[in-house]
Amino acid sequence: MSTKSDLGRYFPDAMPNPAASAETKPFWDGALEHRLVLQRCASCGRFRHPPRALCPWCRSFEATWDDVAAAGTLFTWSVVHQPFHPVLRDVVPYVVGIVEIDGTDGTRITTNIVDTPHDALRAGLRVEVVWEDMSAELAVPRFRAAG
Ligand code: ZN
């Protein structure tokens, strides 16, 4: 189970940072303020994540960025035992999960599930955001069992 270190962190400093782009920058800007914001089509109103230029449903290029609930339900997960990067050697096993964000018509985000015993993981588990400040320029939303 991933739990916070004495430094208030789940993952090490040397962990590779997410590759932000012009399309994902509003997501990361919101995260830095501990706000979960998702891209939403300005034409049909559907959320789209990961962010992309073109709406897959109505083909519109227009989008807004909306604050969404910092909570959802666990859709599926995997317990990672083999670190994909050497700096993660000391944090395995950890959990990669896919969470459906409340109020977004089932929009899913790939994340880490932390502070939650592995035997408590189940589809439909209520989860909430816990922010991990990786640096002064990067905060990453992780999720944990709610309550
Ligand atoms: Zn659309």
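Reader: Where is the place of alanine 120?

Author: Look in the loop between strand 6 (108-113) and strand 7; alanine 120 is there. Strands here are DSSP runs of E with at least two residues, helices are runs of H or I with at least four, and both are numbered from the N terminus. A heads-up: this is a predicted model, where local features need pLDDT of at least 70 and side-chain atom pairs count only at pLDDT 80 or more, while totals for chains, interfaces and linings use all residues. Residues are numbered from 1 along each chain as its sequence is written, and side-chain values use heavy atoms, with hydrogens and water left out.

Reader: Why is alanine 120 called partly exposed?

Author: Buried means under 20% relative accessible area, exposed means over 50%, and partly exposed is in between (1.4 Å probe, protein chains only). Alanine 120 comes out at 33%, so it counts as partly exposed.

Reader: And what makes cysteine 41 and cysteine 55 count as buried?

Author: Cysteine 41 has 3% relative accessibility, so it counts as buried. Cysteine 55 is at 0%, so it gets that label too.

Reader: Which atoms coordinate the zinc ion, and how do you know that they are donors?

Author: Donors are N, O and S atoms within 2.8 Å of the metal (3.2 Å for Na, K and Ca); water is not among the atoms, so sites may look incomplete. The SG atoms of Cys41, Cys44, Cys55 and Cys58 sit at 2.3 to 2.4 Å, and they coordinate the zinc ion.

Reader: What makes the site of the zinc ion tetrahedral?

Author: Four donors get that name if all angles lie between 85 and 135 degrees; four are square planar and six octahedral if opposite donors are over 155 degrees apart and all others between 65 and 115, and anything else is irregular. The angles among the four donor atoms here run from 100 to 117°, so the site is tetrahedral. Cysteine 41 lies in strand 1 (residues 37-41) and cysteine 55 in the loop between strand 2 (47-48) and strand 3 (63-67), so the pair ties together parts 14 residues apart in sequence.

Reader: How do you know that strand 4 and strand 5 pair?

Author: DSSP has to find at least two bridges between two strands. Strand 4 and strand 5 (residues 94-101) have eight, in the antiparallel sense.
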